[in-house]
Amino acid sequence: MMKNIFILFLSLAIISCQQTTNSKEESGISNEIKDTLKYEQEVHLKNVRQLTWGGNNAEAYWSFDGNSLVFQSDFTEWGVECDQIFTLNVKENNEEDEPSMVSTGLGRTTCAYFLPGDSLIVYGSTHLADSLCPATPDRSSGKYVWPIYAGYDIFVTDLNGNIVNQLTDEEGYDAEATVSPKGDRIIFTSTRSGDLELYTMKLDGSEVVQITDELGYDGGAFFSPDGNKIVWRASRPQTEEEIDEYKELLDQGLVQPTKMELYIANADGSDAKKITSLGNANWAPFFTPDGQKILFSSNHKSKRGFPFNLFMVNVDGSGLEQVTFDDTFDSFPMFSPDGKYLVWASNRNNGGTRDTNLFVAEWVD
């Protein structure tokens, strides 16, 4: 569902990149690649490769063995009408390949994640509520909103697209599930309390525990590499007007994501701390491999709503650094389990279209 923020800024063409340094690596992911897909200022990225070539592709997350990605896409050439879940092999895919769809092809899906062992995937889907794609919100008023579809529940599928378990069946929105590197718990967002809060559960859907309770949207949570911490995005309406607007939108199954900051807490939700106060939308956070910093997407430098770029900050909120320098959109960063590679979604190199594609690069500290 985070991917819906693309509509804020998809009106610009992209300038593809400048650096042309050759490098040769023995890894299976990078082998003598010219860095024509990165900007010169992007010193943390090396040997950038494009992984998809059309449609809106986002929220790509690594398998535990680091060989595959699971992601959502609405690319019509793959036979879908709205977001469905796909997998691809990072080392072997090319532009001619069509990735494997692992969702049902019905309803709308979001936020898929591999379970330990890489033979099962957890994801959110509306297909039980309606086999058709749900309607998109009316934005004619000029107010940018995300839909919180009440039909979302969380499912487990095998790699052939067979659903093997349904983890949630509460009334309302259940989605945005990610898995601890420890392999013991899932964190997700739900409206079952009447607000958008974070919950954790065991991999079989049991032992559900609510871990946030402040008014506002709590979502997009990820565990630290050791599984002991979490980071997430949150809105916190403060004034009476903001609170009334938030509640009114939520009653309509909507949320306004234009003001969000990042929070860190222990994995059980205790000792929660706000770590950004940048303004605008700060979201899609992910821990660096050492667990000491957070990589995230932000438009805090913009007065127009875009561009979004990747930034990095220490876990205490200090040391803000810009990582990508795109003209429209970079988001959804995730490090490979070994910490050597970064995958993210970007509007770069899209030929002036509105396509958002996946890219992978070697990470340079």
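Both phenylalanine 222 and phenylalanine 286 are buried, where buried means under 20% relative accessible area, exposed over 50% and partly exposed in between, using a 1.4 Å probe and protein chains only. This is a predicted model, so local features need pLDDT of at least 70 and side-chain atom pairs count only at pLDDT 80 or more, while totals for chains, interfaces and linings use all residues. Residues are numbered from 1 along each chain as its sequence is written, and side-chain values use heavy atoms, with hydrogens and water left out.

**Aromatic pairs**

- Two rings of Phe, Tyr or Trp (taking the six-membered ring of Trp) pair if their centres lie within 6.5 Å; planes under 30 degrees apart count as stacked, over 60 as edge-to-face and the rest as tilted.
- By this rule the model has 23 aromatic pairs.
- Take tryptophan 146 and tyrosine 217: their ring centres are 6.1 Å apart and their planes are at 85°, so the pair is edge-to-face.
- Tryptophan 146 belongs to strand S10 (residues 146-147), and tyrosine 217 to the loop between strand S16 (209-210) and strand S17 (218-223), so this pair ties together parts that are 71 residues apart in sequence.
- Strands here are DSSP runs of E with at least two residues, numbered from the N terminus.
- Tryptophan 146 is buried, at 0% relative accessible area, and tyrosine 217 also counts as buried at 0%.
- Back to phenylalanine 222 and phenylalanine 286: they make an edge-to-face pair, with 5.2 Å from centre to centre and 70° between the planes.
- Phenylalanine 222 is in strand S17 and phenylalanine 286 in strand S22 (residues 282-287), so the pair ties together parts that are 64 residues apart in sequence.
- Ring pairs also join Trp146, Tyr217, Trp283, Phe308, Phe329 and Phe332 into a cluster.

**Charges over rings**

- A charge sits over a ring if NZ of Lys or CZ of Arg is within 6 Å of the ring centre and within 35 degrees of the ring normal.
- Arginine 192 lies over the face of tyrosine 199, 5.3 Å from the ring centre.
- Over the ring of tyrosine 263 you'll find the charged end of arginine 236, 5.2 Å from the centre.

**A sheet of four strands**

- Strands S8, S9, S11 and S12 line up in the order S8-S9-S11-S12 as an open sheet with antiparallel pairing; two strands pair if DSSP finds at least two bridges between them.
- At the edges are strand S8 (109-114) and strand S12 (163-166), each pairing on one side only.
- Strand S11 (residues 153-158) runs antiparallel to S12, and the two pair over 3 bridges.
- Phenylalanine 155 stands opposite glutamine 166 in S12.
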